[in-house]
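I opened my notebook to look up charge pairs and surface patches. Here is what I wrote down, entry by entry.

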Amino acid sequence: FEEMTLQHDSDSEITTELRKRIIKLENDLVDGLSKSNEKRNGEEALLTRLRTLLEKSEAARHQSEYTLLLEQKNCRELKEELADKNTACSDEISKYKDLLTECQLRAKEWEKAVQLSQKAADMEKENMDKNLENLGSLLKEKDSVIEFMNFESSEKRTQFEEISVAFETARREHEKTKTNLKTCEQM
């Protein structure tokens with residue numbers, strides 16, 4: 001019986017030892033599972049944060065693409081508007097160039113007209129000077145004739161009056177031409 005008791009005690013010790021090992025292994029397993037679960041939970045939390053960050057990044061990328069499209073559209077519209085304004089300005093510049101050319105042509109025409117007026121005035125002055133000389137000669141001749149005739153006949157007085165009227169008319173014409181000449185020179 002003793003042997004059996006010894007054997008039993010020995011088996012009991014082995015069993016206890018084995019139980020202790022099993023409990024330790026179970027505790028190690030539980031600790032390992034617990035640590036593994038904590039690590040897994042941390043990784044899942046990190047994965048969730050990364051997914052959230054990815055979704056936010058995607059949303060920001062979509063918003064950036066939309067903003068870029070709007071800005072590109074605005075740039076195209078602005079470019080078209082500037083092109084239209086450029087065309088309008090070019091048209092206005094062309095109109096003003098045409099107007100300038102027309103004004104330059106008119107100025108040349110006026111210059112020619114002034115030159116022609118000046119020539120006409122110069123010719124008129126020459127004619128007036130000649131007429132004055134002729135009138136002077138006629139007056140001298142008239143004075144000579146008057147002296148020669150010495151108012152003897154009424155016929156001669158009539159001729160004298162006609163010459164006087166002609167002289168007065170020529171003098172008035174001369175004054176009128178002189179006035180016209182001054183007006184032309186002032187232009």
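Entry 1: I take helices as DSSP runs (H or I, at least four residues), numbered from the N terminus. The model is predicted, so I kept to its rules: local features need pLDDT of at least 70, side-chain atom pairs count only at pLDDT 80 or more, and totals for chains, interfaces and linings use all residues. Residues are numbered from 1 along each chain as its sequence is written, and side-chain values use heavy atoms, with hydrogens and water left out.

The side chains of E102 and R106 meet in a salt bridge, 3.0 Å from N to O. My cut-off for a salt bridge is a side-chain nitrogen of Lys or Arg within 4 Å of a carboxyl oxygen of Asp or Glu. I found E102 partly exposed at 38% relative accessibility, and R106 partly exposed at 48%. For these words I use under 20% relative accessible area for buried, over 50% for exposed and partly exposed in between (1.4 Å probe, protein chains only).

How many salt bridges does the rule give? I get a count of nine.

Next I went to helix α2 (residues 154-186), where R172 and E168 lie four residues apart. Their closest N and O atoms are 3.8 Å apart in a salt bridge. R172 is exposed at 56% relative accessible area, while E168 is partly exposed at 24%.

**Entry 2: surface patches**

Which residues form a negative surface patch? I have D122, E126, D129 and E133. My patch rule takes residues with over 30% relative accessible area and no salt bridge, joining like charges within 9 Å and nonpolar side chains (Val, Leu, Ile, Met, Phe, Trp, Tyr) within 5 Å. Asp and Glu count as negative, with the charge placed at CG of Asp or CD of Glu. E126 lies in helix α1 (residues 2-149) and is partly exposed at 47%.

I14, L18 and I22 form a nonpolar patch on the surface, with about 270 Å² of accessible area together. That area comes from the Shrake-Rupley method with a 1.4 Å probe. L18 belongs to helix α1 and is partly exposed, at 44% relative accessible area.

Conventions:
Helices (H or I, at least four residues) and strands (E, at least two) are DSSP runs, numbered from the N terminus.
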